[in-house]
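Please work through the exercises below with the sequence and the coordinates at hand. Each task is followed by a solution in steps.

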Amino acid sequence: MEYFTDELKAYRGITPKPEDFDEYWSRALAELDATEPCAELRTAEFYHPGLDLFDLYFNGTCGARIHAKLILPKDRSKKLPAVLPFHVYSGSSGLWLTNMCYAAAGYVVAMMDVRGQAGESQDSVAVSGSLHHGHVMRGIEGDAEKLFYRNVMLDAAQLARVVMDMDFVDETRVSTIGGSQGGGLAIACAALEPRISKLSPINPFLSDYMTAYRQGGGPAYEEMLVWFRQFDPHHKRLDEVFNKLGYVDVQNLACRVKAEVRQFTGLRDFICPPKAQAAVFNKFPSKKEIVIFPDYGHEQMANVTEMQFEFIVGAQPQKECKQC
Amino acid sequence: MLTIEELEKYEGVTPRPVDFDEYWERAMEEMHSVDPKVEMILSDFVHPAADCFDMYFTGVGNSRIHAKIAIPKQHENNCPALLWFHGYTGAGDPWLNLVSYAAAGFVTVAMDCRGQGGSSEDMVAVKGNTYHGLLVRGVEDEPEKLQFRRMYLDAAQLTELVMAMEQVDADKVYTQGMSQGGGLALLAAALVPRVAKCVAIAPFLSDFKQYYLSHSSGPGIDELGNWFRVRDPLHKREEEFFTKLGYVDIQNLAHRIRAKVQLYIGLADVVCPPKAQFAAYNKITSEKEVIPYEDYGHEMMPNCREEAFGFLLS
């Protein structure tokens, strides 16, 4: 049974790509180039006997100080691969232990807090319009430069640059992973920093907002619904709004990705609809594979984290038998 | 359910910061230093009894604030004025609601609270969580950065602007509202004590810690629990958190009110706990009256706007 159906394979998304999309991101990346990260490491409060743990702070665009948790293997005598796990919507980089399996396998792990969500990173940008709830529509009333996710996506790229610049990191082996918002940011990061070599999004969010609006549920859909109810009940600005969201739509950034991709999609995802996920997957120009979970939705899908780990770490375990 | 007699003894549990009065003195100074740059634009909505304008002014933090204003067509200046504040996350009331007051001779004004569902903006970046909630917006920054401080100053500024209008009798300026709007009605009467009458229906914005203790539920209140869950799950900063919210707790300003006050309260309110409402009400020293509805919760109680209308006309 082919679950990645012809319909999904052919789906190209319905959210517009603004005409000046490339200029928009060229300007944004130029701004990032001009943003000196001024990275700072502080020994973390949490202790682990086999690993070195730090709080990493760096400058994002628009004057924001961004925080990430950084886990380093003790042995840094050779260049190490790195993995950047991004977190879910409204959350934070979370627990030190969550991604230690990568550090234990010799990876540098850097987990960023998305600005203005539950972690420590600052949301430095004042915007016009509604502020009560949600980040998807934040900044929709102003210049497209004020869209909330523009700066978050640039923060993700800045994190990749900071990590790649570390002496002990092999910048040709840096991967991005994440579920939901984290999946979307993993994609954005790999698009804006094309040296990222592997990308593994799970049920990615931030793709094809209009499909999410028409078919989705959950927080992002709710925000859009509330926004239209309050500010545009007759949908007079529908085209304008989705065209503007198109600037921060990862399906429009996907063509920049050079990384090898393994995406995981649950067919029963009613929050980030499979079509919206297919829209971005179909636009990756690099080597790619999609793994479908037919019976799972927007959740921890069976052994997905292990499949992702195998993809990132790559090598099969060497079968050696000490008794022989 | 507590009786009125029990509620009348309740003093509130949210701490009052030691420099509370200086905080609001500085805030009012800041507000008075802002050039409001008032603009009145004739609205698309037309009505035979009132001239309807969209009013814009600059509030603190260089933000443009919008209010609807309906001015009676037939008047000889010296009009009474009514400022009608909206519920949390909403927007200024529809024109038809305003016009029913304007037709009775009131200059009637409905402000959009900044950053909520109307068109007022809040152009101030804050540290900490910006994903959800305005009550907790700025709580991890300086106390001056609390979002509600700016909203309160907008309410006071607009009240003073309306008082200064040539069509308005400054001694007949009234405030009214439900929930957040009821809180803002009390707040405006506290920061601008010349306000002569105040109608607070199920007011929010008082005694925030009581919301948390009562496990009340509603859009403003979920924010408190969410904040602790993600930022302080073991409540190590609880005292600091509620003390900071104390700066924007209207019970701490209620003693400044000189207006005649009516409080309409549903005693079964699980959104804005009656205790929290009474924490503010009990601190009012001017003439006041409570109109309790035993069987009502957080809702527009039957006939309460009509009763209040009589109070405002009297």
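The model is predicted: local features require pLDDT of at least 70 and side-chain atom pairs pLDDT 80 or more, while totals for chains, interfaces and linings use all residues. Residues are numbered from 1 along each chain as written, chains are lettered from A and ligands numbered from 1 in written order, and side-chain values use heavy atoms, without hydrogens or water.

**Exercise 1.** Determine how helix 2 of chain A is oriented relative to helix 4 of chain A.

Step 1. Two packed helices are described by the angle between their axes and the distance between the axes.

Step 2. The axes of helix 2 (residues 21-33) and helix 4 (residues 148-164) of chain A come within 11 Å and cross at roughly 50°. Helix 2 of chain A is therefore oblique to helix 4 of chain A (angles under 35 degrees count as roughly parallel, over 145 as roughly antiparallel, 65 to 115 as roughly perpendicular and the rest as oblique).

Step 3. Contact means heavy atoms within 4.5 Å. Residues of helix 2 of chain A in the contact include W25(A), A28(A) and L32(A), and those of helix 4 of chain A include M153(A), L154(A) and A157(A). The residues of this contact divide into 8 nonpolar, 1 polar and 4 charged.

**Exercise 2.** Locate N77(B) and T89(B), and state whether each is buried or exposed, or in between.

Step 1. N77(B), which is not a glycine, has a positive phi of about 55°. N77(B) lies in the loop between strand 3 (63-72) and strand 4 (79-85) of chain B.

Step 2. T89(B), also not a glycine, has a positive phi near 75°, and is placed in the loop between strand 4 and helix 3 (95-102) of chain B.

Step 3. Buried means under 20% relative accessible area, exposed over 50%, and partly exposed in between (1.4 Å probe, protein chains only). N77(B) is partly exposed at 33%, and T89(B) is partly exposed at 21%.

**Exercise 3.** Which residues have the most contacts inside the largest nonpolar core?

Step 1. A nonpolar core is a set of buried Ala, Val, Leu, Ile, Met, Phe, Trp, Tyr and Cys residues joined through side-chain atoms within 4.5 Å.

Step 2. The largest core has 90 residues, and those with the most contacts inside it are W24(B), F148(B), Y152(B) and F204(B). Helix 4 (residues 147-163) of chain B gives the most to this core, with 10 residues.

**Exercise 4.** Describe the surroundings of T159(B).

Step 1. T159(B) belongs to helix 4 of chain B and is buried, with a relative accessible area of 0%.

Step 2. Leaving aside residues up to four places away in sequence, T159(B) touches L83(B), F85(B), V173(B), A188(B), V192(B) and V195(B).

Key: Axes fitted to C-alpha atoms, helices over the stretch in contact; angles between N-to-C directions. Helix = DSSP H or I, 4+ residues; strand = E, 2+ residues; numbered from the N terminus. Nonpolar A, V, L, I, M, F, W, Y, C, P; charged D, E, K, R; others polar.
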